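Please examine the model displayed below.

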Amino acid sequence: MEILWHPALSEASGAEFHALLRRVLNGEQKLDILCLEGAVVTGPDGTGDFHRLSGSGRPMKDIIADLAAVAEQVIAVGSCAAYGGMTAGGDNPTDAIGLQYDGALRGGLLGGAFRAANGLPVINVAGCPIHPSWLLDTLGMLARGNLRTEDLDPLGRPRHFADLLAHHGCPRNEFYEYKASAEKSTDQGCLMEHLGCLGTQAHADCNVRLWNGEGSCLRGGYACINCTAPEFQEPGHPFTATPKIAGIPVGLPTDMPKAWFVALASLSKAATPERLRRNAVADHIIAPPATPKEKP
């Protein structure tokens, strides 16, 4: 694999970089994969003049579109490039969008109907940040010709990580099962009921494929904010708060009807072992599991 250019890894700059761009756009240099990090700035008023490529006089959005037109495949690396992400937060003063999505709506810079030369839409390796292996696995599948349209979910995310939930493998799952909830950020209990965790809705294998072999947001004590989803940056409430109606969380686990959740939660709380009830609101284990010789 040859990296033609990367802003942090490549020595080429200035005239050398512009010469490379000309060769790619003229068809003299093949571009197998175009990877974009960061949202596409289209402001003000669709001109893209807020973000011009130095030395070219052209808006970066136009250069990206030209490169996408000749690339064998296009990959959006991170939620900003995929959906607009944090850059599109607030009142979005730069009119930031993704490559093929504007938030949750198909379109973006390239349009909803865009297909790269190999027939695939933009591959959205979403996340803020992404796990390095999500991108490496995607590149490997493309290199072997093993990535097809059906290997992408409805939001263009590769299914090799998006068909799992951050909830899978969560170290707090026992607390979740009994609805033994944390009340403050230092507690060990489930973070869903009070502290904003969206792990039961977030499509990612964060707690199966750990960062550096051992880390994840939840393992670090922070609630999942569903950063692989469009518009995660604007939940309408603080990230570490769970909005509720009549005491029931508004955001329920994926595929679970509200009535079933209420019934399950009531039964689970009634059956919560005292050990979990005590440990959930502590910052360390204060009641260890009973051994076979002890009575629970």
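## Helix α1

Helix α1 covers residues 15-25, and its buried residues are Phe17, His18, Leu20, Leu21 and Val24. These residues lie on the same side of α1 because they cover an arc of only 155° around the axis. The arc is that of the directions from the helix axis to the C-beta atoms. Buried denotes under 20% relative accessible area, exposed over 50%, and partly exposed the range in between, with a 1.4 Å probe and protein chains only. Helices (H or I, at least four residues) and strands (E, at least two) are DSSP runs, numbered from the N terminus.

Ala15 and Glu16 are exposed and sit on the face of α1 turned away from its buried side. The cover over the buried residues of α1 includes α2 (60-70).

## Basis of the model

This is a predicted model, in which local features need pLDDT of at least 70 and side-chain atom pairs count only at pLDDT 80 or more, whereas totals for chains, interfaces and linings use all residues. Residues are numbered from 1 along each chain as its sequence is written, and side-chain values use heavy atoms, with hydrogens and water left out.

## Cysteines

The structure contains zero disulfides, a disulfide being a pair of cysteine sulfur atoms within 2.5 Å. Cysteine 80 is in no disulfide, and the nearest cysteine sulfur, that of cysteine 128, is 5.7 Å away. Cysteine 80 is buried, at a relative accessible area of 16%.

## The chain as a whole

Nine helices and nine strands make up the secondary structure of the chain. The C-alpha trace spans about 75 × 40 × 35 Å along its principal axes. Of the 296 residues, 44% count as buried. Among contacts (heavy atoms within 4.5 Å) between residues at least 6 apart in sequence, 64% join residues at least 24 apart.

## Surface and charge

The accessible surface of the chain amounts to about 15500 Å², and 56% of that surface belongs to carbon and sulfur atoms. Accessible areas come from the Shrake-Rupley method with a 1.4 Å probe; for residues, only the protein chains shown count as cover.

The chain carries 25 positive and 32 negative side chains, with the centres of the two sets 8 Å apart. Lys and Arg count as positive and Asp and Glu as negative, while His and the chain ends are not counted. Each charge is placed at NZ of Lys, CZ of Arg, CG of Asp or CD of Glu.
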